[in-house]
Amino acid sequence: MARNPKYDILFEPVTFGPKTMRNRFWQSSHCTGYGSDRPGTQARFRGMKAEGGWAVVCTEFCSIHPESDEYPWHSARLWDDGDVVNLRYLCDEVHRHRSLAGVQLWYNGMHSPCLESREVARGPSGLPSNVFPERCLYDAAADEDDIRAIIHMYVLAAKRAEQAGFDLVEVSGADSTLPMQFLERRYNRRSDRYGGSLANRARFYVEVMAALKQAVGDRLAVTTRFETDTINGECRIQHFDEGLHFVELMHSEGVCDLWAVKIGDYEEWGEDAGSSRFRKTNWMRPFVSHVKSIVGASVPVVSNGRFTSPDDMVTALRSGQCDVIGAARPSIADPFLPTKIAEGRVEDIRECIGCNICVSRMQQQALLSCTQNPTSGEEYRRGWHPEHFEPAADPCSVLVVGAGPAGMECAMVLGKRGYTVHLRDCAPELGGHWRDVARYPRCAEYGRLISYRQIQLEKLRNVEMHLGVPAMTADDVLQYGADKVVIATGAHWATDGLGAEVHRPVAGADAECAEVLTPEQIMSGKRVVGEKVVVLDGDGYFTGVAMAELLADQGKAVTLVTNMNMVAEFSKYTMEMPNNKRMLHEKGIRFLTNHWAHSFVPGRLRLFYLYRDSAGLYEVEPGRWGRRTSDELVDLECDALVLVTARVPNGALYADLKARRAEWQRHEVQAVYRIGDCHAPRQALNAIFDGHRLAREFESAHPQHPLPFIRERQLWGHSTIPQRGDLRPAVEPV
Ligand code: ADP
Ligand code: SF4
């Protein structure tokens, strides 16, 4: 289909400094965990976005020197020629698809853990890090020689970036990095020409930009990513105060070819990577839209806002908010988003659901994966392309039982590969447990996980969907007439309080009773009796806090009890922790951590503190534990108990079929596989990955077991760069 002319503006070229991007789609710098150490994964992941139409594709934060060492997190690095070799592959892949490659130059001052390099970062005032207060991190206060040395580090890194083939260098002036540490009054306690007035505190940032302009500015664009408001109050950066004044100041120096603007520093990263539970599309607009009027027509502005709709993008451009649409998550969820708009296939866009699982992977020091796009990060190591599917050489008929995330994904990929697929579910609609999830408070955007797959499945003529059918038994499956069977029957919340803490049910907790409920029962309308409700959360992600909020909104007095150290502990990885806590506080939801349930009777939940036994160890005696044990219990008034404790696989159908393996041949069933939560209940991204992988590897010798993937690591006996004893270029001023 032809592109809708109202979207033409998105495909106009934009010039910044010595470079011109072919359209207005900019993949903002975003973390992956791939860094410079996984060059294949990094290059093919970024290259896929260029292929999908993103005109500029940036790296993640890229450390410029071992003094700014982020380990155990994984950034890109431009420390030495080895990094140049590895990042050159990224640039080549991006250039192969006519896009520009950008690298974000990053020096983190006091917040550099330096657990690999063991060096000491320099900073404005020699203060402890507030980002990692528990790690005993301090910067070394920089004198003017140090400042010149750091600026020289930026220049050396930019020259390496040029060697690698990058088209632009973006100075990170965000996320509490060194330029911001000089700029913010709370960090900068200097009394020399780098401290005091805004102009003085801005000097370091401006000098870095000026030095880069001078060193590479005629060949590479020199840009910055700046937060106009750190969203955390006094002595930080506030929009109508120092945020905009700094933009004026830097702009007047003429050293910045393009501004990428955002909000929220490292502590409030969740305001930059705003999750859909707390922030809707273009939530940053009030904080960033004034930058354009300061920098004028000749200097482009990039604005982000989890844009997935071309209409929202056009509105942002036409309103004068920005010239370029920046995106991290929408480009992860759908690397082909620009192409789909260009080709008039807007309904095919795999819209980001704003779950922040991608960020959570990096925050767990792991590798980026995406809930919506199971191919992200698998382009190189498994050879997966998000839009291309190898046609099946000999397509057979496949019955998929269960249309939750795993079943939908598997049926869709099998369908795209040419198999004849019947997707059957006893529920009247697609989505499985995710239909409930999308109705939790704040989770409406999660519904995109279902709607994207529904649209794709409906387009496939070789896929039939049979919904609202009787639950299938092993007899039904064997007699169905399919060559192969995939079981995707999901999981359910434990009805007896079984959870990870003690791996046993909670005495008296039985969801058959009126006073005990599971999330499914609440979502299907079971009445919540009484006023005082306890949510027992052993899951630690969004379901516990969602149930608490839902019931608080109904006027219940809610207490959330968890065995973990924090409420919704996983949300520290998704950057939702601060706003989860604010929401609980605002809604009067009390919480108790490090406790678990001992027993329940209507009206009273009895808890125990996890660390109630003695700290000291005692001589081991037969029949005695090595600690002095305590029977101390805590009682909570509790009219209704909500069990968010653990999920239990719906594994019976697969087990029945397996037990009747001898009958498969008689019924001409060649194979039975299981995927998703009925195999092991995990987060939705894993269920989707499971379904996707099985469908991709359907003809392998043992499809239930994944094929090996490429592991990127040093193979022993091969040389390294640098070698021990190599010289490092001097950064100190002579
Ligand atoms: P996953 O996350 O693994 O995809 P879900 O729990 O979301 O799993 O979805 C499982 C789906 O399987 C549900 O929609 C449920 O109705 C369906 N289902 C479970 N058992 C059967 C069965 N025996 N016959 C048909 N559908 C089933
Ligand atoms: Fe969007 Fe979630 Fe994918 Fe991240 S993981 S890109 S937030 S859908």
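## Site of ligand 2

In this predicted model, ligand 2 takes up the space of the second largest cavity. A cavity is a set of points, on a 1 Å grid over the protein atoms alone, where a 1.4 Å probe fits but cannot get out. The elements that contribute two or more residues to the shell around ligand 2 are α11 (329–333) and α13 (357–363), and α11 gives the most, with three residues. Helices are DSSP runs (H or I, at least four residues) and strands likewise (E, at least two), numbered from the N terminus.

The ligand is surrounded by 13 residues, the closest being Cys-352, Cys-355, Asn-356, Cys-358 and Cys-370; a residue is near if one of its heavy atoms lies within 4 Å. The shell comprises eight nonpolar, four polar and one charged residue.

## Backbone features

Asn-356 lies in the loop between α12 (337–342) and α13. Although Asn-356 is not a glycine, its phi is positive, about 65 degrees. Most residues other than glycine have a negative phi, and most peptide bonds are trans.

A cis peptide bond links Tyr-71 to Pro-72, with omega near 15 degrees; Pro-72 is placed in the loop between β4 (56–63) and β5 (76–77). The bond joining Ile-721 and Pro-722 is also cis, with omega about -5 degrees, and Pro-722 is in the segment after α22 (684–696).

## Basis of the values

Residues are numbered from 1 along each chain as its sequence is written, and chains are lettered from A and ligands numbered from 1 in the order in which they are written. Local features need pLDDT of at least 70, side-chain atom pairs count only at pLDDT 80 or more, and totals for chains, interfaces and linings use all residues, while side-chain values use heavy atoms, with hydrogens and water left out.

Notes. On a 1 Å grid over the protein atoms alone, a cavity is a set of points where a 1.4 Å probe fits but cannot get out, and a pocket is an open set with protein on both sides within 12 Å along at least five of seven lines; lining residues have an atom within 4 Å of a point. A molecule sits in a cavity or pocket if more than half of its atoms lie within 2 Å of its grid points. Ala, Val, Leu, Ile, Met, Phe, Trp, Tyr, Cys and Pro count as nonpolar, Asp, Glu, Lys and Arg as charged, and the others, Gly among them, as polar.
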